Protein chains: 2
Amino acid sequence: MGTSRRPSTGRVTIADIAERAGVSIGAVSFALNGRKGVSEETRARILRVADELGWAPSTAARSLAEAKTETFGLVLARDPHNLGVESFYMEFFAGLEVELSKRGFSLLLQVVGSTGEALETLRKWHRTRRVDGVVLTDLTSDDPRAAFAAQVGLPAVVVGDPSVSGGLTSVWTDDATSMREVVRHLAALGHRRIARVSGLGTLVHTRIRDDAFADEARALGVEAVLLSTDYTPVQGERVTREALTGRDAPTAFIYDNDVMAVAGLTVAMELGLGVPSEVSIIAWDDSVLCEHTLPKLTALSHDVVAFGAHVARRLFDVVAGADPEAFLDSSPSLVIRGSTGPIR
Amino acid sequence: MGTSRRPSTGRVTIADIAERAGVSIGAVSFALNGRKGVSEETRARILRVADELGWAPSTAARSLAEAKTETFGLVLARDPHNLGVESFYMEFFAGLEVELSKRGFSLLLQVVGSTGEALETLRKWHRTRRVDGVVLTDLTSDDPRAAFAAQVGLPAVVVGDPSVSGGLTSVWTDDATSMREVVRHLAALGHRRIARVSGLGTLVHTRIRDDAFADEARALGVEAVLLSTDYTPVQGERVTREALTGRDAPTAFIYDNDVMAVAGLTVAMELGLGVPSEVSIIAWDDSVLCEHTLPKLTALSHDVVAFGAHVARRLFDVVAGADPEAFLDSSPSLVIRGSTGPIR
């Protein structure tokens, strides 16, 4: 992050604070780290001296075992109003936090309107040394963020396909193989016209799933219907209703998240169609929600909390100097519940 | 945050950087802020000089219009694995981000295991000047965080009832009044045995809702059944099943979130009970999910994104020196959909 080039002179060190406060270096360390071992009075005096000397977090962090900012950053280019709809990001953050909290790290989060603004935020964080590393998610096909991080040497992990990681460390799930498995499962049940209700088309992983869906359907000789949405249940409901009430309605639907699958199930029920006797439904990703519908939803299950934790561990490795590598996370597995069955 | 007591001597200022780099103060400001107006070569030279002088974010921030860390902090004492289940927090974060992103602020987030650890994190953030202010949520009855923030002068906004804000600025919703409205609505429909499926009992707002529920039921002469959970649909399902299959089953259920209400609806369907002909169901808070069940769920609707944005605005005011005050956010309103009706 460029800080290693700094000379050590001119900084306020804990030795300076110890000298001025008339205490040991250990006492200063205890006081600044909030650990037991100094009285409240001494702690207060040390903090006052630290203030007087202009001691500041970055200085302190560099002095104290090169701990730097103890912060990882994540910029999200999503509409804030849609963020709460699906559970993926909250579970992913929670997974990051599992590892971060073990080491006392925090997550710096910013929600912006576009990939361009996301890049600006990364630039600013890098310039002002606000983070020790960043997690890059929701990559688009012409995403400039990985290239920026590589160029300036900002430690980063790309969450997504290695083909778009720009040579950085990536953690990815093999979405293509999972999609092929889903299509084969439905074809084996006799479905000959299968719809995929996909999420944001600008995202690389959406395109990878789209391609695998179309390709596997072609290989199996079944018809593939692609219905694009923005991940919201409102759009999931709309495209499902249009497909089910149109000519040559699909008999199976694969949804790109859980809430759209719930919306699709509701549409089928409203239209008086049996699930799975007349329409089969599959959700991707699985969530607790999928286990609390009637019937329960067949889903591609991926432990997103564990995924987030995995990403955090890799970022700690990158910060520690590990060479770039692509890590395949566990693949989503098909959990067959009550919403899929043979075609009548 | 204690920084105002610091003397201005001894800090690296942009004037120091300008002098050493042989450029104008304006050029340094442009370079450090990443704005156009300096060539890439000049920008590189300025950043190099800033590095040599030990320029660091906190120093820079204080020099540049007292912008400080441009970060608000939030510590969450919740089980990471349950965080993704309900949409409240993701929508709340999104609302904070709406206001933060307008001013280029970031949100520093840490998930911890207990209120005690949350306090430790706040201490550390304060000590290391990592945030300009904090948002305090999920307050418990003996919560030490508000007192800590007040004591050390850390700008803070309490999200919750003014009775536990410890004299700090608070933003609250009148949950008691909303709960009374819900109970009256159900009693007016003829329900005489009403269950409340409540969330974490340690939280102050859970207790406030509990009390209002019991009190209003008593006033109306209807029976109140309190069923405690941890907000997860697994527990929501379990207590609903036990209540519906036990003696003197309630005819109406008020759930403390959306996913438990969906789980409750599913239990009723599995038991062959009509909703709302035999069982009425109400969710708190409303979410898109509630509009995509069959029947759609009657819910207490609160714009959580707007709530988060409101909290962020108040925290900006506090940082700017506003006096503590209690702000009532818009009250949750009862949106009547298909899951509530008269008792048979």
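**Between the chains**

Reply: We can begin with a salt bridge, meaning a side-chain nitrogen of Lys or Arg within 4 Å of a carboxyl oxygen of Asp or Glu: Lys124(B) forms one with Glu70(A), and the closest N and O atoms are 3.2 Å apart. This is a predicted model, in which local features need pLDDT of at least 70 and side-chain atom pairs count only at pLDDT 80 or more, while totals for chains, interfaces and linings use all residues. Residues are numbered from 1 along each chain as its sequence is written, chains are lettered from A and ligands numbered from 1 in the order in which they are written, and side-chain values use heavy atoms, with hydrogens and water left out.

Me: How many salt bridges are there between chain B and chain A?
Reply: The pair Lys124(B) and Glu70(A) forms a salt bridge across the two chains. The count between chain B and chain A is two.

Me: About how much area do chain B and chain A bury between them?
Reply: The size of an interface is often given as the accessible area lost when the parts come together. Buried area here is that loss, taken with a 1.4 Å probe and summed over both parts. With 60% of it on carbon and sulfur atoms, the area that chain B and chain A bury is about 5600 Å².

Me: Which residues in chain B lose the most area to chain A?
Reply: Three residues together account for 14% of what the side of chain B buries. They are Met90(B), Arg127(B) and His292(B).

Me: Do the strands S2 of chain A and S2 of chain B run parallel or antiparallel?
Reply: Strands are DSSP runs (E, at least two residues), numbered from the N terminus, and two strands pair if DSSP finds at least two bridges between them. Three bridges join S2 (residues 106–112) of chain A to S2 (residues 106–112) of chain B, and Leu109(A) has Leu107(B) as its bridge partner. The two strands run antiparallel.

**Within chain B**

Me: Which strands stand at the edges of the open sheet of chain B, and why is one side of each left without a neighbour?
Reply: The sheet has six strands in the order S7-S6-S8-S9-S10-S12, with mixed pairing. Each edge strand has a single partner strand, so one side of it is left without a neighbour in the sheet. The edge strands are S7 (223–228) and S12 of chain B.

Me: With which side chain does the side chain of Arg337(B) make a polar contact?
Reply: Arg337(B) lies in the segment after strand S12 (333–335) of chain B. A polar contact is a pair of N or O atoms within 3.5 Å; within protein, one must be able to donate a hydrogen and the other to accept it, and residues adjacent in sequence count only if both atoms are side-chain atoms. At 2.8 Å, the partner is the side chain of Asp286(B).

Note on methods:
Buried area = accessible area lost by both parts, 1.4 Å probe. Helix = DSSP H or I, 4+ residues; strand = E, 2+ residues; numbered from the N terminus.
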